Amino acid sequence: MPNYTNSVWSEATPAPPYPPLDGNETVDVAIVGGGITGITAALLLARAGRRVAVVEARRIGKGETGKTTAHLTEALDVPYHVLISRFGVGGARLAAAGQRAAIDRIAAFIDECAITCDFRRLSGYAYAETLAEREALEREAAALRRLGLDASLVDRAPLPFPIAGALRFDDQATIHPRVYLQGLERAFVGLGGRIFEDTQVVAIDEGDPCRVISDRGVVSAGAVIVAAHVPIVNRVLLHAKLAAYRSYVVGVDLGGDPGVGDGLYWDMAEPYHYIRTQAIGTRRYLLVGGEDHKVGDTDDTTAPFERLESYVRVRFGRDVAPTDYRWSGQIVVSADGLPYVGRNSLSHDVFVATGYGGNGITQGTLAAMVVTDQVVGLPNPLAELLDATRIKPLASAGAVLAENFDYPKHLLTDRLSHAKAETIDAVAAIAPGEGRVVSLGGERLAVYRNGNGQLGALSAKCTHLGCLVHWNTTEKSWDCPCHGSRFDPHGRVLNGPAVNALEARPIPGVQDDEEGKDTPIHDLHGDHRATD
């Protein structure tokens with residue numbers, strides 16, 4: 001069976017580990033999350049003379065930043081003609097300027113920190129495969145002209161299959177994201193910055209000073225930036241404006257014939273596909289991503305990979321070998337198409353950054369730039385546009401209602417559809433390395449059998465707001481379909497907004513085995529902190 005978890009970036013030289021927090025620390029700014037936003041903000045703040053500590057639940061760069069395909073482009077998930085209708089010409093123009101500023105900031109960091117991360121300037125192509133899609137591109141081209149963006153309609157793109165036209169964006173870019181992040185990390189530590197890995201933040205107390213409370217100790221700070229992909233603060237107001245999706249990627253070894261021009265490509269399908277190539281050592285890989293779906297909404301997560309493999313065979317005439325790369329990542333989508341960045345609701349010294357959609361590297365960088373200015377008291381032209389507390393009724397009210405219908409829907413339908421009690425045979429049928437949610441003893445249990453055949457059970461209720469988790473067959477995780485929280489097979493938090501592990505449960509009807517009592521697997525691992 002292919003490996004469904006290692007990305008093409010996993011071959012990068014590993015960064016040195018940092019110790020977990022050991023007791024209490026006091027700094028000027030505490031940052032929760034060691035991905036692109038957290039490390040970028042940490043470096044900017046350290047350059048501004050602030051004492052900064054980054055608290056990461058796992059390892060730096062091992063979260064969603066390590067699962068991106070790193071398309072650095074001015075194009076956003078939401079077309080600019082839609083952004084104009086929601087935010088006006090001025091707002092859409094600011095959003096485009098923010099994308100350009102982020103790409104330029106990345107390029108500047110690469111020069112300033114001497115990071116060798118395969119940074120390349122190239123063109124990006126939004127391509128149409130039908131005449132109807134071509135008409136949509138023409139409408140978008142007219143919007144881009146209103147905004148003064150440098151994009152042009154062309155009939156062809158350097159792809160090995162016919163298209164109906166493309167919208168070309170010049171001067172876009174790509175990087176090796178893990179190597180780039182490691183370069184920022186080294187620069188930050190070189191300025192005296194502190195990094196604490198393997199430290200799970202469980203609460204943030206906004207006081208004077210603020211307190212970041214973890215399973216290892218407390219970091220006190222004048223300001224806190226929550227850059228953990230999905231904020232662990234604001235359990236309702238902010239999460240009601242977000243939706244979490246899984247996105248899938250295959251990385252195909254191209255051998256000596258790339259068969260595709262060096263560029264960034266994305267189609268107009270629903271769900272859409274995105275394409276680029278990347279050299280890793282002496283090999284060049286074709287990276288094709290897409291097949292997005294809401295977290296927890298697909299039982300068999302091998303199916304999206306199979307559809308991507310079919311796409312590669314049809315469009316590129318290549319078979320995907322078992323040794324090629326396959327991985328998935330999580331993207332968090334905002335209700336109106338722009339990220340939420342700035343002070344948390346009802347807060348003065350706690351800042352959040354989330355909702356980047358498929359533009360994680362650029363918008364994560366931009367968010368770090370904006371929130372750094374806010375922390376140090378400098379004006380930023382995008383602060384009002386991206387304000388995390390914004391509610392623009394015309395822009396987002398419908399989307400908020402549509403996305404958050406999932407919360408009551410899953411609270412009701414998951415319980416009704418599986419209300420019938422199952423027998424212990426349902427547990428016995430679980431294969432090694434697999435999990436299943438079953439109804440036993442009047443409770444929904446998330447049951448997992450490890451590679452040694454040992455069973456362990458957890459409450460199937462997500463510790464965020466109580467929805468039932470679903471088993472992810474490829475990531476080997478328990479995923480919540482309501483707000484995107486994810487847990488490893490033993491219940492430890494992988495993705496927020498949940499901060500607490502799934503609760504351990506006995507399995508009714510499981511008898512003692514021949515070596516003694518059947519030990520739940522969560523008790524074999526010591527603690528419930530998130531690990532790789």
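Colleague: How many bridges pair strand E19 with strand E20, and in what sense do they pair?

Modeller: This is a predicted model, where local features need pLDDT of at least 70 and side-chain atom pairs count only at pLDDT 80 or more, while totals for chains, interfaces and linings use all residues. Residues are numbered from 1 along each chain as its sequence is written, and side-chain values use heavy atoms, with hydrogens and water left out. Strands (E, at least two residues) and helices (H or I, at least four) are DSSP runs numbered from the N terminus, and two strands pair if DSSP finds at least two bridges between them. Here E19 (residues 443-449) and E20 (residues 455-459) are antiparallel and share five bridges, with Leu-445 opposite Ser-459 of E20.

Colleague: Which residues touch the most other members of the largest nonpolar core?

Modeller: Such a core is a set of buried (under 20% relative accessible area, 1.4 Å probe, protein chains only) Ala, Val, Leu, Ile, Met, Phe, Trp, Tyr and Cys residues joined through side-chain atoms within 4.5 Å. The largest has 85 residues, and those touching the most other members are Ile-31, Tyr-80, Leu-83, Ile-175, Tyr-180 and Ile-225. Helix H2 (residues 80-112) gives the largest share, 12 residues.

Conventions. Buried means under 20% relative accessible area, exposed over 50%, partly exposed in between (1.4 Å probe, protein chains only).
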